[in-house]
Amino acid sequence: MSERFRIAIDGPSGAGKSTVAKLVASRLGIEYIDTGAMYRAIGLKMLRLGLEMEENDELQKMLDETDVDFEKERIYLDGEDVSDLIRTQEISKAASDCSAFRIVREKLVELQRAMGDRKSIIMDGRDIGTVVLKDSKQKFYLTATAEERAMRRYLELREKGTSEGYEQVLEDVIKRDYNDSHRDVSPLRQAEDAVLIDSTNMTIDEVVNFIIDSVTSQ
């Protein structure tokens with residue numbers, strides 16, 4: 001493919017970022033970078049090596065010798081396909097714990113930028129356009145009203161048999177929005193040069209088509 005894509009999608013919880021990003025990746029034939037899976041891979045390696053869950057010189061040494069990459073939606077840790085190994089509850093907790101460490105975040109941002117330098121990628125999160133791919137020309141901020149995002153989440157939970165009420169889900173969404181936009185490190189915000197997409201009254205396909213039309217016409 002002659003055209004290089006470095007697409008960043010940011011936005012609040014429940015906006016549909018990951019769903020949209022995966023569909024765009026599939027349509028364009030580019031790599032979807034699952035940033036959450038990268039933290040899981042680091043967590044897996046820390047557990048394998050028996051490292052303490054703390055930020056220290058031993059962790060830094062491990063990070064210096066670690067590579068994480070994606071190929072065809074599979075994640076590779078130092079060349080090993082760990083896509084299935086990282087989906088356990090134990091690894092989920094390890095990923096959550098190590099994601100709080102500054103040196104881990106810096107290492108993964110370095111790897112994510114390197115991926116964008118050598119191949120076409122799309123990433124979604126809270127700080128992709130403002131921190132990770134801040135020099136990209138293909139940035140989008142995907143959002144919807146809190147009420148709409150809460151309704152989507154409520155319907156999703158109901159399908160899974162969870163009895164949590166809509167009002168509670170809405171309260172959780174509003175609280176998450178506040179926390180994400182007020183955190184000290186990389187708070188959620190729209191990059192100045194990002195295209196705003198309000199998906200409140202849009203279908204997933206409409207959002208995907210909008211993004212693809214935007215990046216292929218540049």
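Predicted model: local features only at pLDDT ≥ 70, side-chain atom pairs only at ≥ 80, totals over all residues.
Trainee: Why is helix 1 called oblique to helix 9?

Mentor: The axes of helix 1 (residues 17-28) and helix 9 (residues 204-216) come within 10 Å and cross at roughly 50°. Angles under 35 degrees count as roughly parallel and those from 65 to 115 as roughly perpendicular, and the crossing at roughly 50° therefore makes helix 1 oblique to helix 9. The crossing of the two helices is right-handed.

Trainee: Which residues of helix 1 meet residues of helix 9, and how do they divide into nonpolar, polar and charged?

Mentor: From helix 1 the contact takes in Thr-19, Val-20, Leu-23, Val-24, Arg-27 and Leu-28, and among the residues they meet in helix 9 are Ile-204, Val-207, Asn-209 and Thr-216. The residues of this contact divide into 10 nonpolar, 3 polar and 1 charged.

Trainee: What makes strand 1 mostly covered?

Mentor: A residue is buried if its relative accessible area is under 20%, and in strand 1 (residues 6-10) 5 of its 5 residues are buried. Arg-6, Ala-8 and Asp-10 point one way while Ile-7 and Ile-9 point the other way, and all are buried.

Trainee: How do you know that strand 1 and strand 6 pair?

Mentor: Pairing needs at least two bridges between the strands, and strand 1 has 5 bridges with strand 6 (residues 121-125), in the parallel sense. Strand 1 also pairs in the parallel sense with strand 7 (residues 138-143), over 4 bridges. Ala-8 stands opposite Met-123 in strand 6 and opposite Lys-139 in strand 7.

Technical notes. Residues numbered from 1 in each chain as written. Heavy atoms only, no water. Axes fitted to C-alpha atoms, helices over the stretch in contact; angles between N-to-C directions. Parallel < 35°, antiparallel > 145°, perpendicular 65-115°, else oblique. Left-handed = near helix turned anticlockwise from the far one by under 90°. Contact = heavy atoms within 4.5 Å. Nonpolar A, V, L, I, M, F, W, Y, C, P; charged D, E, K, R; others polar. Buried < 20%, exposed > 50% of the residue type's maximum accessible area, 1.4 Å probe, protein only.
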